[in-house]
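Please work through each task before reading its solution.

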Amino acid sequence: MSTTQSILDLIDQCQFSDEDPFEINQNLFPNLKEHLSIGLIKQLEAECYANWLNWAFEGESRVSVFYKYIQESIDNNTVPYFSHMSVDTKQQIHDYFDEIVNEEREHRLIFKKIIEKTNLAKRKNYRPDFFDPDSAEFKQYEHSRYAHVEMLFPLALAVIGESYLLSCFLLFYKQSSNPVKKQLFKHFLTEESQHIAHFLNLIKSGIYSDQAKDRLHHSFLQSIQDRLNFEKAAVNVIFSRLQQGSDNKLLHDQHLFNTVAYSGKLHESFNKLVLRRSYQFYHAVFPDVTEDTFLHLVENYHSDVLIGSE
Ligand SMILES: [Fe+2]
Ligand SMILES: [Fe+2]
């Protein structure tokens, strides 16, 4: 039996609730208990998981197409940063991308199976038929997203996404009380750490012009800021959806959420992890920047800085 099949069988044995699908048995936002109603907190937590699961499913589908695209671009010498590499090195990279693409396609199936055990499967934004790496329409759509931008942007987004995903898997692995689900996260952790190692080597081996570095700097910092604070943006979307007219109570709750929800130990250590993983990539391109300087740069980065395209 293949590893994927055995993982899919493990999922078959489990239940996945909307409010605590990974059985972390801990409130995601313990600080909110004193401030918001239990009903609202539960709703926000369920929204975090729903959004995360859908993001992960779409992400695994997307990278299945994108990594194939990078592989072909390196083969065809259309990415200037990697065109200096020897034929042998390119062949190794090519072969490893084959493995990664297969793994990402398998991860997609795992998320699909989990989602279909939750109520998220009934939502309109869950679109497994569209997010299918074998669908010509999906491939074309994805290719059109990066056809007119420099390869560095989607690449930076993908590696920071990998760092975020790995940090989430580690969080769930550590916190889950269900041994079967722990096994599932261990499987993800092993494979995603290998992807990170591969992308680190790839990024380190690139030769970047000063302009490309400057753009990469912005692209990294922007992507990292978007990934800090587990699912904060998703919760704010929920507040906007709940907001009808000018409900002052809800505005107050949203303000409280944004000021206290992420100050606990769980989120502080999660953010630390995302930053540490992301720094590895940033450091690969900017070896002279220390981790402290990097943290300062992330903290003070303003997302309204324009990122240029080719
Ligand atoms: Fe993956
Ligand atoms: Fe990956």
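Helix axes are lines fitted to C-alpha atoms over the stretch in contact, and angles run from 0 to 180 degrees between N-to-C directions. The model is predicted: local features need pLDDT of at least 70, side-chain atom pairs count only at pLDDT 80 or more, and totals for chains, interfaces and linings use all residues. Residues are numbered from 1 along each chain as its sequence is written, while chains are lettered from A and ligands numbered from 1 in the order in which they are written.

**Exercise 1.** State how the axes of H3 and H6 are arranged and which residues make the contact.

Solution. Helices are DSSP runs of H or I with at least four residues, and strands are runs of E with at least two, numbered from the N terminus. The axes of H3 and helix H6 (residues 179–205) come within 11 Å and cross at roughly 145 degrees. Two residues are in contact if their C-beta atoms, placed from the backbone, lie within 7 Å. H3 contributes Ile93, Tyr96, Ile100, Glu103 and His107, and H6 contributes Phe188, Glu191, His195, His198 and Leu202. This contact comprises 5 nonpolar, 3 polar and 2 charged residues (Ala, Val, Leu, Ile, Met, Phe, Trp, Tyr, Cys and Pro count as nonpolar, Asp, Glu, Lys and Arg as charged, and the others, Gly among them, as polar).

**Exercise 2.** Describe how H2 packs on H3.

Solution. Helix H2 (residues 38–75) packs against helix H3 (residues 87–115) at an angle of about 165 degrees, the axes being 8 Å apart. H2 is therefore roughly antiparallel to H3 (the term applies to angles over 145 degrees). The residues of their contact comprise 14 nonpolar, 5 polar and 8 charged.

**Exercise 3.** Describe the pairing of H7 with H10.

Solution. The axes of helix H7 (residues 210–227) and helix H10 (residues 265–285) come within 11 Å, crossing at roughly 175 degrees. The two helices H7 and H10 are therefore roughly antiparallel. Lys213, Leu216, Phe220, Ile224 and Arg227 of H7 meet Val274, Ser278, Phe281, Tyr282 and Val285 of H10. The classes in this contact are 7 nonpolar, 1 polar and 2 charged.

**Exercise 4.** How many helices and strands does the protein have, and what is its average pLDDT?

Solution. The protein has 11 helices and 0 strands. Its C-alpha atoms fill a box of roughly 60 × 50 × 35 Å along the principal axes. The average pLDDT (the predictor's confidence in each residue, from 0 to 100) is 90, and 95% of the residues score at least 70. Over residues 306–310, pLDDT stays under 50. Where pLDDT is low, the predicted coordinates should not be read in detail.

Note on methods
Angles under 35 degrees count as roughly parallel, over 145 as roughly antiparallel, 65 to 115 as roughly perpendicular and the rest as oblique.
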